[in-house]
Amino acid sequence: MTLSPIINTTKLMESLFNNSSEAMFLFDAQGIMIGMNPAAEYILDPNVLEKILTKEENKFCYACRGYTSEEELMTCMNCYLSDPTADRTSFQIYLETKSKETVPFSASFQMIDPDSGTHILMLRDLTNQLVTQESLYRNKMMKSIIKAQEDERKRISRELHDSVAQELLSSLVDLRLLKYLEIQDNVLQKICQTEASLARLLEQIRNLSVELRPASLDDLGLEAAFRSHFKWIKKNYGVLVHFVAELHGSRYNNEIETVVYRICQETILNALKYANVDEISVRLFESKHNLELIVADQGIGFNINMKDSRGTGLGFYGMRERAELVNGQLTIASELGAGTTVHLHIPLLQPHSDREC
């Protein structure tokens, strides 16, 4: 596209140079800086800028900490300023900024006046882009770690249930058969004691298997897994969980179901340990394309603004991280003497009938 001759291109270029948010540095044929725009002045430390602009020491190297080559992340070897005939359309350099931090920039170094050998170095701050990439990488890593943990929990849970528990049950049956043989009273007493010990151990292994990863979560979904877990809570802790589910048999992808189950499990565990309650309310439902979980108690509560080491396992910070992995949002409301409410929102991108089971 060619510009209309009516347009003053010189003024347009001058306006671009002065008003651009991208830092621009001008260099002569010898690689000496001969000018910069306001955006470039803004990012440099004043002391460094003064050194650069001093006639006797007009060195851009006071600000530059190197560029990324094919061999090194930050290097000064074969500097982009060393070859005045070379054009580099896209590469990465590092500058020391006014905050004294070394910041990465996306750069282009191109000749704009072949007659004088003048080049322009244009920079765009990469900080936000790199932060986004780092956050994405961290989320992917966390998802992989959590998936590996859940897979291992599932494997151990099934191994305990299918192998160890079955062997114990077989041994328990054999012991019970021995009681019907003609044996001495002291031997019979010992057999009964061993039978009771094995029965307790078998129950503990079954509980551990369910706690690691309930098979019902994978086979039947959240509602069934919750009902089974809450029965176990009542049996072992004497705490009644009032559970209301409004899912109508809906299933969600494995990642979402795992996040919801673990956050609910951790919240109830904290309530059992610290809230001093006999009853807990749990509601699981869909509303406006969201899957929502509300866990509330009327216990002693706590000050959410205080740094508190209460809780184990996921903890509130870990619960929030889990929620973020499925683009969810976790809110915690609590007051001393007024109980605690944990509310989880997870957006659902498509109707539940089309979701992965």
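How many helices and strands does the chain have? Nine helices and eleven strands, taken as DSSP runs (helices H or I of at least four residues, strands E of at least two) and numbered from the N terminus.

1. Ground rules. This is a predicted model, where local features need pLDDT of at least 70, side-chain atom pairs count only at pLDDT 80 or more, and totals for chains, interfaces and linings use all residues. Residues are numbered from 1 along each chain as its sequence is written, and side-chain values use heavy atoms, with hydrogens and water left out.

2. Confidence. Mean pLDDT (the predictor's confidence in each residue, from 0 to 100) is 81 for the chain, with 89% of residues at 70 or more. Residues 351–357 fall below 50, though that stretch still has 13 contacts in the model beyond near neighbours in sequence; a contact means heavy atoms within 4.5 Å.

3. Five strands make an open, mixed sheet ordered β7-β8-β9-β11-β10; strands pair if DSSP finds at least two bridges between them. β7 (240–246) and β10 (329–335) are the edges, each pairing on one side only. Strands β9 (290–297) and β11 (339–347) run antiparallel, joined by eight bridges. Leu-291 has Ile-346 in β11 as its bridge partner.

4. Helices on the sheet. Helix α7 (222–237) lies across β7, β8 (279–287) and β9, at about 170 degrees to β7. Axes here are lines fitted to C-alpha atoms, for helices over the stretch in contact, with angles from 0 to 180 degrees between N-to-C directions.

5. Burial. Of the 357 residues, 38% are buried, meaning under 20% relative accessible area with a 1.4 Å probe, protein chains only.

Note on methods
Buried means under 20% relative accessible area, exposed over 50%, partly exposed in between (1.4 Å probe, protein chains only).
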